[in-house]
Amino acid sequence: MNALKSAFLNPIKSFKLKYLPLLMVYFAYGASGFSSIAETFWVKEHLNLDATALVTLGVWLSIPWTIKMVFGQLVDTMPIFGSQRRIYVYIGAGLITISTILMIGLVGNKEWIKFSTAQNVYILASLLAVIGFVLQDVVADAMSTEVVDRNQPKEEVEKELAMVQVLGRLALSIAGFIVAGLGGWLAQILSYETIFKISLVIPLISIIGVSIVKLDTPPPSKVDCKILCGGLIFAGFVVFMGYNDFAYAQEIVFLVSFLVLSYMIKEVIEDLDNETKRKIIIATIVIFVYRAMPGVGPGVTWWEIDVLHFNKAFFGTLAQIGSGLAILGMWFLSDWITKKPISWTLIMLTVVGTILSLPIVGMYYGLHHWTEQVFGFGAKTIALIDTAVESPFGQLSMIPLLTLIAIYAPASKRATWFALMASMMNLALTAGGLLTKYLNKIFVVSREVVQNGVVVSHANYNELGKLMIVVTLVNFIVPIFVIWRLMLNKKEL
């Protein structure tokens, strides 16, 4: 009982007022999911994009996260009006606000939004929001290393750095919990336009956070042209490839991104000792593979809507339960999980994730009909139980790596360092998006699309079961093999 009480009180006792700005930035990012359920239904009902197109769009929208080193260099080296942190949070909030206004016009079918097609406006709004959140995230990451007093014993520094990462994940998750169910429930009774109007509150949260607390930041460092110039050239290359719609453009961008980030990380860690570099490289490879696993894609959500008849409110309930239990899991397990080897943590999460993916696969093949006949509960109860069991493990895999990144962040390059490492992790998500796209091309899933009262595409979920089985197997076999080969077999980390 004392251990449970200590685990509960530890994050509360560890909070300091100087953490508030970065926690409110993370909180705002977590709250950004408020309109996600309304957006999902609006896209399904009004935007003529198939599963592959939506996955492809997701891959392109992951690119700003991949080039975070450019934003990191700006934050580290280029003050605006004398500000290195606060001003960039303001700029990010402005971009998010513009994005939300565009979505208000789009879902409200306003005349002033018809300067382009609905698809183009949606892509523009999505891109502006992503850039805004990336910029704010870079600032928060840098502040997460700056709020810790380095003039204390090494063990205390590392402990506080770890706790700051835990508090950051908690702030993000608590915000997600607050808006998850609320967003779904309100989407059931309010118009899409009203939901996005309410979303205008979100950028204000981060602005308030950095405005009411004085920020202590190091002097600007010199511009590292290898990072900034190379990053800008790389960003231009990505835009050029996307604009000209070359064959295999996403694959080329991914490969070039991987090579560029690998080189930049090598440059930044060059001054670290060999043992530290070796551990960071091994951990980065394993996390990259872990995060690069494919998903099923939007087809499973369409199937849940059309076949299982899950509505907006129920999706909100699932999100609320998932967010709430994720918070509890992270709150009570974070102190324990940070003391475990990264390899142990990831193997545990891989096994648990595989087991907990089975009920959804089972429902495709009629599990819910059997449980309803035998036990008296059906699809919604299975989904609720599965979400409840799975949720506590959601954020835990990030804590050890984020702590490791924070510990070794160079004093004058913290934003750049964190951005580079985060870019590599986000590039892994791009790899996962590409794999998801390939699998959706092999196992084709489609929803019903109606234009002007005419059905132009019929729903077809015949391949969804095979798709879910393949994704489940890949997500289990590949991470386990890589973790065993690089970590357990060599007794690393």
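**Close-up views of a predicted protein chain**

**View 1. The whole chain.** Among contacts (heavy atoms within 4.5 Å) between residues at least 6 apart in sequence, 83% join residues at least 24 apart. This is a predicted model: local features need pLDDT of at least 70, side-chain atom pairs count only at pLDDT 80 or more, and totals for chains, interfaces and linings use all residues. Residues are numbered from 1 along each chain as its sequence is written, and side-chain values use heavy atoms, with hydrogens and water left out. The protein chain holds 22 helices and 2 strands. Both are DSSP runs numbered from the N terminus: helices are H or I with at least four residues, strands are E with at least two. Of the 493 residues, 53% count as buried. Buried means under 20% relative accessible area, exposed over 50%, and partly exposed in between (1.4 Å probe, protein chains only). The chain exposes about 22,200 Å², and carbon and sulfur atoms supply 66% of that area. Areas come from the Shrake-Rupley method with a 1.4 Å probe; for residues, only the protein chains shown count as cover.

**View 2. An aromatic cluster.** Trp-303, Tyr-364 and Tyr-365 form one aromatic cluster. The structure holds 6 aromatic pairs. Rings of Phe, Tyr and Trp (its six-membered ring) pair if their centres lie within 6.5 Å; planes under 30 degrees apart count as stacked, over 60 as edge-to-face and the rest as tilted. The Trp-303 and Tyr-364 rings have centres 5.7 Å apart and planes at 50 degrees, so this pair is tilted. Trp-303 sits in helix α15 (residues 299-306) and Tyr-364 in helix α17, so the pair ties together parts 61 residues apart in sequence. Trp-303 counts as buried because its relative accessibility is 4%. For Tyr-364 and Tyr-365, the ring centres are 5.0 Å apart and the planes at 80 degrees, so that pair is edge-to-face.

**View 3. A nonpolar surface patch.** Val-351, Ile-355, Tyr-365, Ile-469, Leu-473, Phe-476, Ile-477 and Val-478 form a nonpolar patch with about 690 Å² of accessible area together. Patch residues have over 30% relative accessible area and no salt bridge; nonpolar side chains (Val, Leu, Ile, Met, Phe, Trp, Tyr) are joined within 5 Å, like charges within 9 Å. A salt bridge is a side-chain nitrogen of Lys or Arg within 4 Å of a carboxyl oxygen of Asp or Glu. Helix α22 gives the most to the patch, with 5 residues. Leu-473 lies in α22. Its relative accessible area is 48%, so Leu-473 is partly exposed.

**View 4. The loop at Ser-199.** Ser-199 lies in the loop between α10 (192-198) and α11 (202-212). With 5% relative accessibility, Ser-199 counts as buried. Leaving aside residues up to four places away in sequence, Ser-199 touches Phe-34, Ser-35 and Thr-100.
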